[in-house]
Amino acid sequence: MSDFHRSAPARSFARIVLSIGIAALATQLAGCGKKAAVDEELAAALIQPVARVELAAAPAVAAGARKGEDIYASVCGACHESGAAGAPKAGDKAAWAPRLAQGFDGLVKSAAAGKNAMPPRGGAADLTDGELKRVVAFLANKAGAGFKAPD
C-alpha cells in the first residue's frame with residue numbers, strides 16, 4: 001500500500017484543520033476596511049485618569065478678621081522678604097532699629113501713608129485699620145519689637 005492510503009485519518013484531520021483555518025481567515029477578512037464599532041461611553045470610562053485635581057478658592061476671611069501673619073504672607077512679604085525696592089528685610093534688626101524708634105503708632109502711620117516705594121497700606125487698599133495694626137506689629141516683632149498686636 002502507498003502512503004496515500006495508509007494516512008486516511010491524517011488526511012481527514014488535515015481537511016478539518018484546513019476548513020477551520022479558512023473559516024477563521026474569512027471571518028477576519030470580512031471585517032477589513034470597516035470601522036470597529038466602539039462603545040464611546042465604555043471607552044471613556046476605561047481611560048479615566050487615576051486622579052483628578054480641582055482647584056478651589058480659599059474661603060474668604062471676613063474683612064477685618066485677617067491675621068497679621070496672613071496679611072504679611074499675601075501682601076508685605078513680596079518686598080520685605082527679599083528687600084525689593086529698598087524695603088527693610090523682615091527680621092533685620094539693624095535696618096528696623098530706626099523705624100522701631102518711631103514706636104508702634106509711628107510705624108502704623110507710616111504704613112498707612114506709604115513710605116518711599118511702598119504704596120499706602122502696602123498696596124492693599126482693603127486693609128482695615130485693625131488689620132494694618134496687626135501686620136505692622138507682626139513685621140516689627142520679627143525684628144524684635146515686642147509690640148502687642150490688637151485683636
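Mentor: Let's begin with a rule: a salt bridge is a side-chain nitrogen of Lys or Arg within 4 Å of a carboxyl oxygen of Asp or Glu. The model is predicted, so to speak plainly about its limits: local features need pLDDT of at least 70, side-chain atom pairs count only at pLDDT 80 or more, and totals for chains, interfaces and linings use all residues. Residues are numbered from 1 along each chain as its sequence is written, and side-chain values use heavy atoms, leaving out hydrogens and water.

Trainee: How many salt bridges does the rule give?

Mentor: Side chains of opposite charge can pair when their charged atoms come close. Here the count is three salt bridges. In one of them, Arg66 meets Asp126 at 3.4 Å, N to O. Arg66 sits in the loop between α3 and α4 and Asp126 in the loop between α6 and α7, so this pair ties together parts 60 residues apart in sequence. The helices (H or I, at least four residues) are DSSP runs numbered from the N terminus.

Trainee: Which residue forms a salt bridge with Arg66 at 2.9 Å between the closest N and O atoms?

Mentor: That is Glu131. Glu131 belongs to helix α7 while Arg66 is in the loop between α3 and α4, so here the parts tied together are 65 residues apart in sequence. Through shared partners, Arg66, Asp126 and Glu131 join into one network.

Trainee: Is Glu131 buried or exposed?

Mentor: Glu131 is buried, at 0% relative accessibility. Buried means under 20% relative accessible area, exposed over 50%, and partly exposed in between (1.4 Å probe, protein chains only). Arg66, with 21%, is partly exposed.

Trainee: Which side chain meets Arg121 in a salt bridge?

Mentor: The partner is Asp129, with 2.6 Å from N to O. Asp129 is partly exposed at 49%. Arg121 itself lies in the loop between α6 (103–113) and α7 (129–142).

Trainee: How should I read the phi of Arg121?

Mentor: Most residues other than glycine have a negative phi. Arg121, not a glycine, has a positive phi of about 55 degrees. Ala85 also has a positive phi of about 55 degrees without being a glycine. Ala85 is in the loop between α4 and α5 (93–100), and this residue is exposed, with a relative accessible area of 63%.

Trainee: How much space lies in the largest pocket?

Mentor: Rolling a probe the size of a water molecule over the atoms shows where empty space is left. The largest pocket holds about 530 Å³. Of its 27 lining residues, the closest to the centre are His80, Pro88, Trp96, Met118 and Leu139. Helices α4, α5, α6 and α7 are the elements giving two or more residues to this lining. A pocket is an open set of points on a 1 Å grid over the protein atoms alone, where a 1.4 Å probe fits, with protein on both sides within 12 Å along at least five of seven lines; lining residues have an atom within 4 Å of a point. Grid points are joined across faces, edges and corners, and the volume is the space filled by probe spheres set on them.

Trainee: Where is His80 placed, and what does His80 touch?

Mentor: His80 is in helix α4 (residues 68–80) and is buried at 9% relative accessibility. Leaving out residues up to four places away in sequence, His80 touches Tyr72, Ala87, Pro88, Lys89, Ala90, Trp96, Met118 and Leu139. Contact means heavy atoms within 4.5 Å.

Trainee: Which residues of α6 are buried?

Mentor: They are Phe104, Gly106, Leu107, Val108, Ser110 and Ala111. Their cover includes α5 and α7.
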